[in-house]
Every structure is written in structure tokens, then in C-alpha cells.
Amino acid sequence: MRQSQLLLPTLKENPADADVVSHRLMLRAGLIRQVAAGVYTWLPLGLRVLRRVEAIIREEMNASGAQEVLMPVVQPAELWVETGRWAKMGPELLRFRDRNERDFCLGPTHEEIITDLFRREVQSYRQLPCNFYQIQTKFRDEIRPRFGVMRAREFTMKDGYSFDLDQASFDRTYQTMYDCYCRILNRMRLDFRAVEADSGNIGGANSHEFHVLAESGEDVIAYDTEGSYAANLERAVGAPPPSRPQPAAAMATVDTPGCTTIAAVGELLSLPATRCVKTMIVRGEKSLVAVVLRGDHELNAIKVEKLPGVRKPLAFADESEITAAVGCKPGSIGPVDLQIPFYVDACAYAVADFCCGANEEGRHHVNVNWDRDVSVAADRVVDARNVVAGEPGPDGSGRLAFLRGIEVGHIFQLGRVYSEPMHADVLDQDGKSLVPIMGCYGMGVTRLVAAIIEQNHDEVGIKWPAPVAPFDVHIVALNYGKSEAVRKAADELYRACIERNMDVLLDDTDDRPGVKFADADLIGIPHRITVGDRALANGNVEYKPRSGGDAEAVPLTDILGRISGDDVQATD
């Protein structure tokens, strides 16, 4: 491709409304342009990267045995009604009616469509296991799209769905997809972690998220510094707390005027936060529900929302509701003689002789002990907190530490959440009906492009890893329009690259050298060859890898041998 013929509208300055590096560089390098909030046009350079990302995903999915299909963006409401999601999904599901007043939506995901396809076309156990995937446009009406294509409303996604006869077969399929995702991200040369995660609105049991590590990541990952454990903060657990000591003193009630926080109570009574518990009130299905945590811990909303009797989505009770149910305002609530159901986090349950609210304004109990002063059923001792950096990991081998990550993939063990209500059954070897176990495997294709940039850039631009770069080689011809020697050498080098199946961009524009070099650094093609009169006089060109290092003179006759190899993507 000749740069003079390429739509490459680069920008010198950072756009004011771009908050993260990838968004700024994608706009500056001419990869994307915004059409509406969270909706983008991909320009030629950006689309080339997108297609290379897609190609890697497609190659690895095909190699894993998955079959590619293409499902519609527009989905009929009746399929979503079958699974109950038409009523459950919030405003992210963009609904509309056609000219015949039939309800449709723009697909944010395709569980219903693939399950409908399966039940129509697959009848026998002999056809299982089977695994289907697509690379296709999705639309989710995000309330606040941000960070460019990282959290857009319209985006490209690889979503896959598997069907297995039994758990053992499914476990093999799930592991195959886990390994496939690792290969995909390794081929893109990304530093990533696969972590245990929550399944969210999709439903189902266990799941794993794949996070590209970056400071701009919205997710917090907890990992064991010595072991293999890693989990999203929403799901992370620490080591079981130690056994609770025996009570050392009798419970007493003390005045704590104006003290409504753990910090204030601790300072007044000279108690560390680890010797205090706090009681938080959420709305339940039948009444308010209390959750008791150790004073230095934070409530984990995802974990609490899953507790029996807690209303979904999770919502904290307001002051008037709390006062009516408990008899005091927040800040003085405790589990002793509490008249509403409550759960106790396991770490709070391990504390002896603790301080808590007395359910009276300005008063607290001290030296409180579980079982002696407060009875708690075994099924009410739960995990309801966020883990803390530095605490022991679940197997006790190391300490938990935190990283930030960009979620680029998520695989789910769905069970029969969709196949059962949609009657997607097959006949087993005895002719009896059997409902298969499903899996779901998503990967954000457009988000991956942004994540790659977040991990591969410097102060002047993008540094594309070779497997996903828009071009392999960037020939920068200085004074191309005026120097016959430069033009001849650049053109011959350009043709030689093409003959060797290298994907090459020739800068044959009339821009000044400084502009050419700035744009070359900005768009970040792995290999830059500068052709200029001064170097040509000695039979040389200048070579500089975008990954780093100084420019050096290389004989023109040797340059292609220098850059060929594993870091060059051959074109078909």
C-alpha cells in the first residue's frame, strides 16, 4: 500500500475527550472516528489490525474444533421471552418494533439464537459434543460509553457456545476453550491472567475471565504471589480465618456519643478496627437483611447479592427503612438482639470480644462474643467481603496482591440455564430425551485492539506486536517526489517486500522528514526502513525497529534479510 493512497488522518494533538491511552492513540493514529457516543467507524489502518486480530482468533477456534456460524444482529423478542430475559434485561437491551408491530432487539449476546438453532437442527446424541462460534457485531446500550472502543455501545465480539451430553464431556470442552484462549492471547504477545470470575447476567456456574494487564484496566485482580490462584476481586477469597479465641470478658454496654463510624468508635475506646464489627443493611425479598463485617473489611456487593433472601439487584436500605426496622439510625446497629435476619462474614465470625452497635443511638456493646451473646446458624456464616492485599491466599502458600486488568475474554459454564427452558433436547442411545449442558465463550475483538495498545505504546505512539500490526514494514522515503535515486530505491524495495509476501506501507508523500518520522512512530509499524539520498550515497538505508533501539545503517542489499523471519506476517 502506498501511503499517498491511504486514508490516514493522523492528529498531532491529543483529543480533549479521550481519557485513556488507547482511545487517544486510536484517534491520533487514524484508526477510528466517532459517529455517535460509543459508536465508531473503523478506518483502513484500524480495520487492518482488527482483521489480523480476528484471523488469530478464527485460526485458533477452528483448530480447537469449533464450527463458525453467523447469526443475526436483529433478534425476535419471543426467543428472549422463552428464557425470561426479555423482562429481566435492563435498558442495555435495545428494543424496537418492526412495521408489523413485532418486538425485536439488537443482540447484545446470542444464547437464545444459538439454542434455537441447536434445537431445530440437532436431534441425536451422536451429534454431540458440538461447539459453534461467530465473529459479529453486538450492541449494548451502555448508560455511559467511555474509553473509546474499550466500552463502546456497538462492538465486534467473538462469541461461542458448546453443547455436551454430560459433565465429563463438558469439562473437556471447557478446558479446550480455556487453552484456546491462552493460545490466542499468547500469539498476540499479551501479558494476561486467566482468573476465576462471576458469571453476571449471563447466568450459570463457574467461569473464568481473561484480563490483559494494564494500569487503565477497570477490573481489579487478586492473585497469590506464590501460587497459581487468581480471581476477579468480585469473586476472590482468602485463606480460611483462624479459629476464634475463647471469650475473655463479659459483655458490657458503653456510651459512644456522636460515634457512628468504626474509626470514631475505635479511637474513643482504643480498639483497632479488627476488634470491631460493622452491620450494613440491605433490602431483602421479605424484609431488610443485615450483613456483619469485620471493621476493617469492605462489603462485596456481588457476593452479598447471591445470598438467599437478598433482593436482586442489591440495594442498601435507606435511613427511614432502617430506623423503622431496627429502632436506630445507621452507625449504632449491631447483631445483638437484632430483629431482622442477618449474615456474618467468616472473618467477623472469627473475632472474639468485639465491639458493635447496641441498636441504640450513641451506645455500643463491648466484649461481645458469638454463640455466647449472639447466636448464628451455620448457614448464616458466609463470605461477604472483599479480600485485602497482603492477606494469605486460599491455599496459604503466599500472600494476595492486586493487579489491574482489562477484561478481553470470558468463558462460562452455563449448565442448562438456556437449553432447559428452550427445550433444546436430544435423544440419547436409549431413545430418551436428554437436555445438554451448555458453555459460553466470549472474546471482545474490538476491545482487544485497545488492550493491545494499552500494553504496547510509548510517549510518541503505538508499538504494535508483529502478529497484529497493520503492516509488517514501513518504508519511509525522504524527498520521494524530487529524488530519482530515492524513488527508484524505495520502489524497488517496495516491490521486493511484496514479492516476499511482506505486508508493506510505502510513505511516498511529500511531507517533511520530521512529519514522516512522527507519523511512523505514531502508527507503530514494527520495522521502519528510511530511504534517503545521504544513506544511499553509501549504498545504505536506515533501519529502526519500533520495539526500541537506535537507528542504524544497513546495506540496501541486506535489509530484507535483516527483517525477515518470525516477526513478519506473510500475506496470502
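**View 1. Strands β17 and β18 are joined by three bridges and run antiparallel.** Strands here are DSSP runs of E with at least two residues, helices are runs of H or I with at least four, and both are numbered from the N terminus. Two strands count as paired if DSSP finds at least two bridges between them. The model is a predicted one, in which local features need pLDDT of at least 70 and side-chain atom pairs count only at pLDDT 80 or more, while totals for chains, interfaces and linings use all residues. Residue numbers start from 1 along each chain as its sequence is written, and side-chain values use heavy atoms, with hydrogens and water left out. Cysteine 356 stands opposite histidine 365 of β18. On another pairing of β18, strand β13 (residues 252–255) is antiparallel to β18 over four bridges. There, aspartate 255 has arginine 363 as its bridge partner. Asparagine 367 is also placed in strand β18; its phi is positive, about 60 degrees, although the residue is not a glycine.

**View 2. Asparagine 359 lies in the loop between β17 (354–357) and β18 (363–368).** The hairpin of β17 and β18 has five residues between the strands, and asparagine 359 takes a positive phi near 60 degrees in it. Asparagine 359 counts as buried because its relative accessibility is 14%, where buried means under 20% relative accessible area, exposed over 50%, and partly exposed in between (1.4 Å probe, protein chains only). The side chain of asparagine 359 reaches the backbone oxygen of valine 336 at 3.0 Å. Leaving aside neighbours within four places in sequence, the residues in contact with asparagine 359 include Val326, Cys328, Ser332, Gly334 and Asp337; contact means heavy atoms within 4.5 Å.

**View 3. The largest nonpolar core has 63 residues.** A nonpolar core is a set of buried Ala, Val, Leu, Ile, Met, Phe, Trp, Tyr and Cys residues joined through side-chain atoms within 4.5 Å. The residues with the most contacts inside this core are Met26, Val53, Ile57, Met188, Leu448 and Trp464. Helix α6 (residues 167–187) gives the most to this core, with eight residues. Apart from it lies another core, of 23 residues, and Val292, Ala317, Val326 and Leu338 are among them. Leucine 448 touches Val53, Ile57, Leu185, Met188, Leu190, Val408 and Met443, not counting residues up to four places away in sequence.

**View 4. The axes of α1 and helix α11 (residues 445–455) come within 8 Å and cross at roughly 105 degrees.** That makes α1 roughly perpendicular to α11. Axes are lines fitted to C-alpha atoms, for helices over the stretch in contact, and angles run from 0 to 180 degrees between N-to-C directions. Angles under 35 degrees count as roughly parallel, over 145 as roughly antiparallel, 65 to 115 as roughly perpendicular and the rest as oblique. On the α1 side, Val21, Ser22, Leu25 and Met26 make the contact, and on the α11 side Val449, Ala450, Ile453 and Glu454.

**View 5. An open sheet of four strands has the order β14-β15-β16-β19, with mixed pairing.** The edges are β14 (277–283) and β19 (381–382); each has a single partner strand, so one side of each is left without a neighbour in the sheet. Seven bridges join β14 to the antiparallel strand β15 (residues 288–294). Within this pair, threonine 279 stands opposite valine 292 of β15.

**View 6. Helix α13 (residues 513–523) has Lys516, Asp519, Ala520, Asp521, Leu522 and Ile523 as its buried residues.** These buried residues pack against α1 (21–28), α2 (44–63), β25 (461–462), β26 (473–477), β27 and β28 (527–531). Glycine 524 follows α13 and has a positive phi near 70 degrees. Asparagine 501 lies in the loop between α12 (484–499) and β27 (504–507). Phi of asparagine 501 is also positive, near 65 degrees, in a residue other than glycine. With a relative accessible area of 36%, asparagine 501 is partly exposed.

**View 7. A cis peptide bond joins leucine 128 and proline 129, with omega about -5 degrees.** Proline 129 is in the loop between α5 (111–121) and β7 (130–139). A cis peptide bond also joins lysine 312 and proline 313, where omega is about 0 degrees. Proline 313 is placed in the loop between α8 (301–305) and α9 (319–326).

Notes. A polar contact is a pair of N or O atoms within 3.5 Å; within protein, one must be able to donate a hydrogen and the other to accept it, and residues adjacent in sequence count only if both atoms are side-chain atoms.
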